[in-house]
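Q: I would like to learn how to read a structure like this one. Can we go through it feature by feature?

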Amino acid sequence: MRTTKSLIVGAAVTAFALAFGTTGVARADVSTERPGSILIFPKVVNTTDEDTIIQITNVNNDTRHARCFFVDGALTFDPNTGLPRPSCQESDFSIWLTRLQPTHWQVSVGRRIDPTDNFSSAPGYPSTAGFDPGGIPPVGVGFTGALICAEVDASDKPIAGNSLTGQATVKNINGDVSKYNGITIQGITPMGQDLSLDNVEYNGCPASLNLTTITSGAPDPVVEALSPNTPSTVRNFITLMPCGADLENLVPQTVSLQVAVFNEFEQRISLGGPSVECWARLPLEAIGGGFDFATAGTTFTYGTITPQGPNAANGILGVADSVATDSLGNSGSAADNLHVAGNTDTTNLPVVTGSPAVIRLSVP
Amino acid sequence: MRTRKGYRSLGTLALLGAAAVLLAATGVARAQVGSDLAAGILVFPKIAVDTVGRLTGGIPVDTVVEIANTDPTEIRSLHCFWVNANSYCNGDVDIANLCDPNSDNPVLNCRETGRRCLPAWRVTDFFVAATANQPIGFRVGQVPQSALPCLPGNTNGCAGNDGSINPVEDPFIGELKCVEVNDLTNVVPVNRNDFTGTARIYRVTPGSVDVRQYNAIGIQSIADPNAGPNDATTLCLGTDTNGASPVCSAGAEYASCPSTLVVNHFFEGAAPFGDGATVNTTLTLVPCTERIEDTTGVNSVTGQQVTNAQLAIVNEFEQRFSSATRVDCYKSMRLSDLDTRPGTTDDGSSIFSVGVEGSLTGQTRVRGVPGQSPYHGLLGLAEESYSNGFSAAFNVNYDGVRPAGAGDVITVP
Amino acid sequence: MLTTRRIGSAIVATLVLGLGLAPTARAFTNSDQPAAVVVFPRIDVNVAANRDTVVQLTNANATQSVTAKCFYINGNSHCTNTGLPCASSAQCVSGPFVGACLPGWTVTDFLVTLTPQQPLGWSAAEGLRGSGFPLTTRVCSNNPLMACSNDGQCPGGTCLTNPTNAGSLVPPVPETPFVGELHCVEVDRNTGRPPLGANNTNDLKGEATVETLLPDGTIDVATANAVGIRSNLTRNADTNTLTLGRGAEYEGCEAVTIVNHLFDGAVDPIDNTSLANTELTLVPCSVDLSGADPSLATSTAQFLVFNEFEQRFSTSRRVNCFFQSPLSRIDTTQPDRSIWNASVSGTVAGQTRIRAVGASLIGWARLSLLNSSLNTQGSAAYNVHQDSVPATNTILLP
C-alpha cells in the first residue's frame, strides 16, 4: 500500500528525473554546427567586388518550410538626422525543402521556380538544377547585409523543428573565396511571430564573442617565411549584427559593445567598443584599437566582444574574415566563425539586464 | 489524515519538484562538441606543412595555429599531440619514401616502383601553459619554434608561460589534439573548458597567396570544475558500456561525439559561381577514439580502432546515393576519391561528381558504424579547392550525439 | 602516561613505520652482478665496414662449471625481392622495381661451457670453435699448456681432470652485416634447461665491445656490460618457460628504462667542437627464443624526454623484437626537427624515460662525438638505468 508520503516522494523523484534525465534539446547558445530553427548568415554581400552563394540544408526526414529575410545593412542617409545609418530594409521569401534536401542560390541572381532548368545552364548563370525551394529574389548590387531564416510550419507559424543548417561562400572579383557556417539557434517552444531568444522559446544569444587572430597590420608569418614578396601584411574585418531584429516594423536594433583585446604578453591593450545598429562590417581595429599591430605589439591577439549597457540583452552575433597580402598585392582571404561564450554560464561576464533579444517576424 | 509532518514533507518535496522543473526550463548548459565553444579538448583535424612543395606540386604549404586561454584570471595548461599521418612507400618510414596516396603522380603514389603508399602514424607531444587571456600563435613549419613570450626570465614584462612547442616534420600531414591539464608538473586532465583554437592553412607562391581557416573542434568537459581531475590517462567521451570491455562505465567525462556529420558541399567539378572555376571538396575525418599512446598498431587490442564511415549523399532532387570508407587514424581525401580509386582519372564516375548527381549542391551525411557500438565516433573538416587556385575551409555540421554506451575514449600517455 | 594498549600500539606503529622505511628487497635487471640470464642488446657486425663485436662471457662461479645456452637473434631486415639485408627499401632496388625491406627475426643458438671463473671471448664475426677454446682437453698439473690424457704424459706431474670447454661451439653470426642481440641462459648441461631449484645459480656476466676500424686507421671502441637477469634460486622450475617478475622464477625487468644522454647535435662541452649523437637499442625482455612466436617480443615504448629546463616532450614507437635508432630519428625522419635535437630541446643534456607497454624493455646506448673539422669520431657505449616495479615477462626456450 502506498502512503501519501511515498507518492509525493515518487512525484518529486520523477520531476527530478524529467528535469535532468531527458536528452531533450541541448540548451547552450547558438551553434555553427548543430541544426537549428533559426539560421543566420551575418555576412551576405553582392557588390561589384563580391558575391555570395547561400547553401541551406534540411537535415530532417520531413519536408520543412522556412521564412527567410534579407536584411540590408547598407548605409543610407537618415532623413531626420542627415547622418548615415544602415537602412535595415528587409525583403523576405519562403522556401520549402523536402526531406534531407540541400539547396543553394547565388544572391546576385536569386533562384527561379523552373522545373525545366537543367544542369547545362548559360555561362555566367550558375546551375539551379534540382527541386526549387521557392522563388528567391536576387539582391541588388551594393547589398551588404544578412540573411535570417526561421523555420515555420505550413501556416507560417514558427516551430522548433531544428532542421536547418547552412553555409555561405563569398567570392571576390579576384576569384578568392571564403566560407563560413551559418549561425543556428535551436528552438525549444516557440509561441508566436516574436521569436524570443530567452532559453524558453529559443536558445539565448551568447553572452560574448571572442576571437584569436593575427593582429591587423602585422606581417603574415607564413608569407614572410615562404614567399619572396615581403613584407606582407594582414587585414582583419568583422561583421556584426544584434541578435534581435524587428523585421515587421523595421526598427533597427542597437547594441553597445565592450571590446577587450589582449596581446601575447598578457597585456590588456584596449578596452572600449562601438555600438552596432542593425548591421556593420568594420575593420577589426575599428572596434578595438588593440587589434592594430602598432598598438598590440605582438603578432597574435585575443579579444572578447561583450554587449553592455541598457540594450545588452539584444546580444551580438558575427563573423570575421582576414586578408593576407604580400608586397606585390597578391592576397588570400579566409572567413571564420567567432567563438561564443555561454549565455547561461556568465562567470566573469557582466550581468545582462533587460529583456532578451527578440526576432520579430513580419506577419505573413 | 495527514499529519503536520506530512504537510511539511509534502511542501518540501513539492518545492523540490518545482525547482527541478524550473531549472530545466531555464536551460542548464550541457557539454557539447563544437567549434565555436571554449573546451577542454581541442581537435585540429588538419595540419599541413610542406615548405618546399614536395608533395604539393612545388607549392609551399604551411599552417598557423592559434590557441587562446579564455580564462580571464588563471594560467591554464595544455598537453598537445601531433598525430603524424605521413605516408611512405610500403610503410617504410624514411624521408626518401615519402608519398601521397591521393596523388596521380606515379612517383608520389609509389606505383612507379610497384609499391603501396601506406600511412605510418606517429605521435609526438608538447606542453604549453598559457596565462590568462593569452593568445598563443605559431607557424607549424617553423624550426626551431620560437620560445613562448612569457617564459621565466623574459624581457617582455610578463610571466606565466611554461613548456615549449616542438616542430613537426616537413612535409607533415596530420592532426593536432590538445587536452587541458592541471599543470605541467601534474599532467592530469581537468574538468575545465578554457581553450579555443583556430588554424589557417596557407598555399603561397610568388604569384599568389591563398589562405583557408577553420576553428578547432572543441570537446567540452562535463563535470564540475570544482571536482577532482579526470582520469589521468583515459578520457571518456560519453560512456562505452555497449562494448565488450568498457573502461568508461563509471560515467562520461567529456561530451559525446556527434552521431552524424553533415557536410553541405558542392558536388565535384561544379562551377558554383558560373564563372568556370570548378570546385573540389576534400573531407578530412579523424576518429574520436584515439589511443595516442599507441597509434602504431591498427585494429589490435592496443592499437587504433578502425571505423567504417557510412556516407549517405542527397542531391537537390532528393535523390540518394550511399557509399562507405574506412577511417583508421586519419583520412583526408577528395570526395570523389572516397568511392573511386585515388587520383583524378575516374572522378567523373564518382557519385560525388556533379555530372552524376545533376545538381550543384548536396548533403553528405557521415556516420561512424556500428552506431550502437563504442569507439566509432568521427570528427571532420571540409575544404574547398577551386580550379583558380583559391580555397576555403569550413567546419562540418553535426546531427545528434552518439547514444549512451556508444561513446569514445582517448587514451593519453 | 602510556598504557599497555598505547605501548602496544606504539610498538605496532613503530614496526609499521620501520617496515615502511626499510627498503623492500627489489628485483632488478642489472649489469653489474652475475646472473642466470645475460642479454647483450647489441651485437653489431659489418665486415665491409670494418666493424665487429667482441663478446666476453664469464663464469663467476669459483667452483663449478657453467653451461650457457646462447641465442643470436638476427634483427636484420631483408629485401623481399633480393633477400639481402637492408636498412630501408631504398636498398632493395632491382631494375625498375623496389622491394620492401621487411624485418624477419631468426634465431641461432649454441652451447658454451665455461670452467670455474673462466672468461671467454670471441669475435661475433668469426665465432669460436675447436682449438679456439682454451680448455678443450685435460692438461698437466705442472704445465697447463701441455695437453694430456693420462698421468704418464705429465712427467713430474699429474694429468688433471679439470673441467673443460669441451662440447662448446660458437658460430659466427649468420650473416654480415648483422645487427641483433645475444641472449645466454644458464642451463643444465644434460637437460639443456635451467637447473632445477636451488641448483640454479647466478654465474654469468658479460661484456660486449663494438670495435670499428676507422678510415684514418684509428680504432673506435665502445663497450658496455650485458644486462643480467638473476634467478630466484628456490623458485626455478625445470622447464623451457622462464617466468620473470616479482615472485617468479627470475627477477623481473623493470617497466621503465632511463637513459641519460646528450641531445643530438649538442656541442661537446669538453672540446666545444664535436657534435653528439646517441644511438639507442631496445630489446624486449619477453622473447620466444625458439623463434616460433615473434609476437611475444613486442612492446610499445613510450618515451618521455626531459631537458634541463624540466620541459617535457613525448612520443612512442613500436618495438618488435629489436629496435635500434639514433635518438633524433625515433620520432621523425628529419633529425633537426626531433624532440631529441639540441636545437629543439634547448639544452645539452637530457633524460629519456622509456616506459614499456607490453613486454618490458632492456636498453643499451651509444654516444658518438663527431668532430667534422678534424674528421675524427669517438664513441662510447653505456648501460641504461632501470626504474619502477618489475613487470611480468616470459622467455621461451626451444
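Q: Does B:T361 count as buried or exposed, and at what relative accessibility?

A: Buried means under 20% relative accessible area, exposed over 50%, and partly exposed in between, with a 1.4 Å probe and protein chains only. B:T361 has 1% relative accessibility, so B:T361 counts as buried. Before going on, note that this is a predicted model, in which local features need pLDDT of at least 70, side-chain atom pairs count only at pLDDT 80 or more, and totals for chains, interfaces and linings use all residues. Residues are numbered from 1 along each chain as its sequence is written, chains are lettered from A and ligands numbered from 1 in the order in which they are written, and side-chain values use heavy atoms, with hydrogens and water left out.

Q: Where is B:T361 placed, and which residues is B:T361 in contact with?

A: Strands (E, at least two residues) and helices (H or I, at least four) are DSSP runs, numbered from the N terminus. B:T361 is in strand β23 of chain B, residues 361–369. Contact means heavy atoms within 4.5 Å. Leaving aside neighbours within four places in sequence, the contacts of B:T361 include A:Q55, A:P102, A:T103 and A:H104 from chain A. From chain B they include B:H265, B:F266, B:F267 and B:N315.

Q: Which side chain is in polar contact with that of B:T361?

A: A polar contact is a pair of N or O atoms within 3.5 Å; within protein, one must be able to donate a hydrogen and the other to accept it, and residues adjacent in sequence count only if both atoms are side-chain atoms. Here the partner is B:E316, at 2.7 Å.

Q: Which residues form salt bridges with B:K177?

A: B:E175 forms one, with the closest N and O atoms 2.9 Å apart. B:E290 forms another, at 2.5 Å. B:E290 lies in strand β19 (residues 290–291) and B:K177 in strand β11 (residues 172–183), so the pair ties together parts of chain B that are 113 residues apart in sequence. B:K177 is buried, at 2% relative accessible area. B:E175 is buried at 0%, and B:E290 is buried at 0% too. Elsewhere, salt bridges that share partners join B:K46, B:D210, B:R212 and B:E383 into one network.

Q: How do I read an interface? What is the area buried between chain C and chain B?

A: Buried area is the accessible area (1.4 Å probe) that two parts lose on being put together, summed over both. Between chain C and chain B it is about 2700 Å², with carbon and sulfur atoms giving 46%. C:R312, C:T333 and C:R337 supply 25% of the area that chain C buries there, more than any other three residues. In contact terms, 29 residues of chain C meet 38 residues of chain B.

Q: Which polar and charged pairs cross this interface?

A: The rule finds eight residue pairs in polar contact, both residues at pLDDT 80 or more. It finds one salt bridge. C:R337 pairs with B:D170, with the closest N and O atoms 3.5 Å apart. On the chain C side, β23(C) gives the largest share, six residues.

Q: What does chain A contain, and how much of chain A is buried?

A: Chain A has four helices and 24 strands. Buried residues make up 60% of its 364 residues. Among contacts between residues at least 6 apart in sequence, 73% join residues at least 24 apart.

Key:
A salt bridge is a side-chain nitrogen of Lys or Arg within 4 Å of a carboxyl oxygen of Asp or Glu.
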